[in-house]
Amino acid sequence: MEPLSIIDRYCKETRLKEILLRHSMAVAEKAVSIALRCEWLHADVDFVREAALLHDIGIVYVNAPSIACSGTEPYICHGVLGAEILRREGYERHALVCERHTGTGLTESQIIAQNLPLPHRDMQPQSVEELIICFADKFFSKTRLDEEKSVEQARRSLEKFGADGLVKFDRWCQMFL
């Protein structure tokens, strides 16, 4: 599997591709580092790298001008949109990473309660690899591409997802750091 060739197929806009690649490469580097350091988790390091590079591919279809996205869909949908892309490409396991990385993962009850334009199903990371990528993603934004957030900054950015997300993040910090 060649993640960069998939990105090339779906992302034609130069500035958007630069943002997607820089963000995804930073996430992949951190995720691979965690997977290697936490060897007792027996994470599939090659898969972590591939899936981290592809976790945000769905942004090609969203409307977020601040990060050069000129699509029509709401940003919150980028995970399920990316999952659709990767399922079409034949990569179900990678697709699950896309749809399960938003915040610390979304429960079906959160999706319904917040009336989010998402399928009504559980979208929380489940495998070790999904957890690692979701966690690593919290340290990088698409607007400050050269900065890694501190644990406290990452934690603050999750406050909008509620106390459950913060509890999960704190647990992940204990596991991965």
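User: Before we start, what should I know about the model and its numbering?

Analyst: It's a predicted model, where local features need pLDDT of at least 70, side-chain atom pairs count only at pLDDT 80 or more, and totals for chains, interfaces and linings use all residues. Residues are numbered from 1 along each chain as its sequence is written, and side-chain values use heavy atoms, with hydrogens and water left out.

User: How many aromatic pairs does the structure hold?

Analyst: Rings of Phe, Tyr and Trp (its six-membered ring) pair if their centres lie within 6.5 Å; planes under 30 degrees apart are stacked, over 60 edge-to-face, and the rest tilted. Here there are five aromatic pairs. Take F135 and W172: their ring centres are 6.4 Å apart and the planes sit at 85°, so this pair is edge-to-face.

User: Are F135 and W172 buried or exposed?

Analyst: Buried means under 20% relative accessible area, exposed over 50%, and partly exposed in between (1.4 Å probe, protein chains only). F135 has 0% relative accessibility, so it's buried; W172, at 3%, is buried too.

User: Which residues form the aromatic cluster?

Analyst: F135, F139, F169, W172 and F176 form one cluster.

User: And which charged ends sit over rings?

Analyst: The rule is that NZ of Lys or CZ of Arg lies within 6 Å of the ring centre and within 35 degrees of the ring normal. K30 has its charged end over the ring of F139, 4.5 Å from the centre. For R93, the ring is that of F47, with the charged end 3.8 Å from its centre.
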